[in-house]
Amino acid sequence: MKVVENVRLHPKYCLLKLTADHKLPEMIPGQFVQVRVDGSPQTFLRRPISINYVDKSVNELWLLIQLVGEGTRRMSEYQAGDVMNIMLPLGNGFSIPQIPLNSNLLLIGGGVGTAPMLYFGDTLKSVGFKPEFLLGARSKDDIMQLAEFEKTGTTYVTTEDGLLGEKGFVTNHTILGKKKFNRIYTCGPKPMMLAVAGYAKAREIPCDISLENMMACGIGTCLCCVEKTVKGNVCVCTEGPVFNINQLTWQI
C-alpha cells in the first residue's frame, strides 16, 4: 500500500492514510492489519495495528499509530509516496447488533484503543444507529480524533487530569449513571476493559471487548497471543480480537 499522508497528531501519535492501486478488500470494524517494518534488525516481526477508518470514497485505509518502540517510531517517519507491506484484513471484528435502531449503543475507548471505535461508529451510523462514544485518556492532549468522533455521534470524554471532559476514568463518567445502554463495546488498556466489563456485567448489559494481546504473526501460528476462554485457550488473532465478556474467564 502507498502512503497518501502522514499526519502527526501528537508527539506520540501519528495518523497514516494509505491507498492501493486496486480496490481495498471489505474490512469489518474491529479487524486489524499486520505491518512489515523494513530497514531495521529490531523490527523483523510485523506490528499489529487496528483499522482506524476506511474511506471507501477515496479507497483509503487509516491507521492510528502510537509511538511505543522502534517499529512504530519508524512507521511514524513514513512520507507520502512510501510503500508499506501490509497483511489485511485479519481477525474477527465487531458485529452489527440485531436490536432496534433506537437502542442506545455505547462505544468506549481508552488511549490508542479509541482507534477501532471510529470506524465501528461510522459503520453503525451508516445503517441507521446513533452510536455514542466515551473516550478516556491521561490528558486532553492524549484524546485523538475528537472532531471525527463528534461528527459521528454524541461524544463524552474523561481525562485523568480533568483538563478535558470529566476528571477520572471512563467508568467514573456521569453518563453511566444517567442513561441506560443496551449494549457496550470497548477497547483499551486491560485495567480499563476489566472495569467496563464489571460495570456491564453488574447491570446485565451485553458487552464486547477488543483484546490487545501481543501478536507476532497474526494468523494463529506463533501462539504468543493466546487467551484463556470458557472453551479453552484460543489465539486472539484468529478467534478475536473481539470477544463477548461471557466468553472470557476474567474475574470481573
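Phe-120 is buried, at 0% relative accessibility (buried is under 20% relative accessible area, exposed over 50% and partly exposed in between, using a 1.4 Å probe and protein chains only). This is a predicted model, where local features need pLDDT of at least 70 and side-chain atom pairs count only at pLDDT 80 or more, while totals for chains, interfaces and linings use all residues. Residues are numbered from 1 along each chain as its sequence is written, and side-chain values use heavy atoms, leaving out hydrogens and water.

**View 1. Phe-94 and Phe-120 make a stacked pair.** Their ring centres sit 4.5 Å apart with the planes at 15 degrees (rings of Phe, Tyr and Trp, the last by its six-membered ring, pair if their centres lie within 6.5 Å; planes under 30 degrees apart are stacked, over 60 edge-to-face, the rest tilted). Phe-94 comes from the loop between β7 (85–90) and β8 (105–110), and Phe-120 from helix α2 (residues 115–126), 26 residues apart. Phe-94 is buried too, at 4%.

View 2. Strand β9 (residues 132–137) supplies Phe-133, and helix α3 (residues 146–152) supplies Phe-149 (helices are DSSP runs of H or I, at least four residues, and strands runs of E, at least two, numbered from the N terminus). Phe-133 has 0% relative accessibility, and Phe-149 is also at 0%.

**View 3. Pro-48 sits in strand β4 (residues 47–50).** Pro-48 is partly exposed, at 33%. Leaving aside residues up to four places away in sequence, Pro-48 touches Phe-32, Val-33, Gln-34 and Met-215 (contact means heavy atoms within 4.5 Å).
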